[in-house]
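I open this notebook to record what I looked up about nonpolar cores and aromatic pairs. The entries follow the order of my reading.

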Amino acid sequence: GDFYVSLQKHDWYYQSNKPEYYFAREHVPEGGNVLEVGCGRGEFRKFLPDNTKYKGLEFNSAALQAARAQGLDVQMRPVEDEAKNCPANFDVVCHFQVLEHVTDPRSFLQACSDLLRPGGTLIVAVPSEDSFLCLAESSWLNMPPHHLTRWSDRALSRALESVGIKLQTVWH
């Protein structure tokens, strides 16, 4: 927690206008029920229609407080606990630049899958090893303790398949 609190002091860390937000909003149904895991200050909510029901999960207490100050429903709990309490409750579960930070990606993805209603959509954004990142081997932000895993398109597809989700679209 302290590590991320120190990172958030930099303007570039919690971005309010990520390119993936524009892509993701096209996959959120009108009036849908959305869960954002690792929502930070809840910036993605601003990209969604007003009638979207939005809930966030966040571990960084300062970011959580900033999200709540905007009137957002943001809780500090693991996605695995949310899945036990509210299975099949969401039309969309999304996480932007989160999966590479978790210690047990399979459990995390399974919980995200369990939270989806039948026909729901999981939106995953990760730094892709199939992008320019593969050229920056010693980038300190792409190594532990910040990033615990690295994801190629193939690795992400296989991880999703292991929890019963078929990869539909890859966007770089």
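Entry 1. The model I consulted is predicted. I began with leucine 109 and, setting aside its neighbours within four places in sequence, I found it in contact with His95, Leu99, Leu122, Ala159, Leu160 and Val163.

Entry 2. I next looked up the largest nonpolar core, which has 24 residues. Leu109 is among the members that touch the most other members, together with Val37, Val79, Val93, Leu99, Phe108 and Leu122. I then noted which elements give two or more residues to this core: the strands β1 (33–37), β4 (90–96) and β5 (116–125), and the helices α4 (79–85), α5 (105–115) and α6 (153–161). The most comes from α5, which gives five residues.

Entry 3. I also found a second, separate core, made up of 18 residues. Tyr21, Cys39, Phe47 and Cys94 are included in this second core.

Entry 4. I turned to the aromatic rings and counted six pairs. How is the pair of tyrosine 21 and phenylalanine 44 arranged? The ring centres lie 5.2 Å apart and the planes stand at 45°, so I recorded this pair as tilted; planes under 30 degrees apart would count as stacked, and those over 60 as edge-to-face.

Entry 5. I checked where the two partners sit in the chain. Tyrosine 21 belongs to helix α2 (residues 19–25), whereas phenylalanine 44 lies in the loop between β1 and β2 (53–57). They are 23 residues apart, and the pair links distant parts of the chain. Both tyrosine 21 and phenylalanine 44 are buried.

Entry 6. Lastly, I noted that ring pairs link Tyr21 and Phe44 with Tyr22, Phe47 and Phe96 into a cluster.

Technical notes
Residues are numbered from 1 along each chain as its sequence is written. This is a predicted model: local features need pLDDT of at least 70, side-chain atom pairs count only at pLDDT 80 or more; totals for chains, interfaces and linings use all residues. Side-chain values use heavy atoms; hydrogens and water are left out. A nonpolar core is a set of buried Ala, Val, Leu, Ile, Met, Phe, Trp, Tyr and Cys residues joined through side-chain atoms within 4.5 Å. Buried means under 20% relative accessible area, exposed over 50%, partly exposed in between (1.4 Å probe, protein chains only). Helices (H or I, at least four residues) and strands (E, at least two) are DSSP runs, numbered from the N terminus. Contact means heavy atoms within 4.5 Å. Rings of Phe, Tyr and Trp (its six-membered ring) pair if their centres lie within 6.5 Å; planes under 30 degrees apart count as stacked, over 60 as edge-to-face and the rest as tilted.
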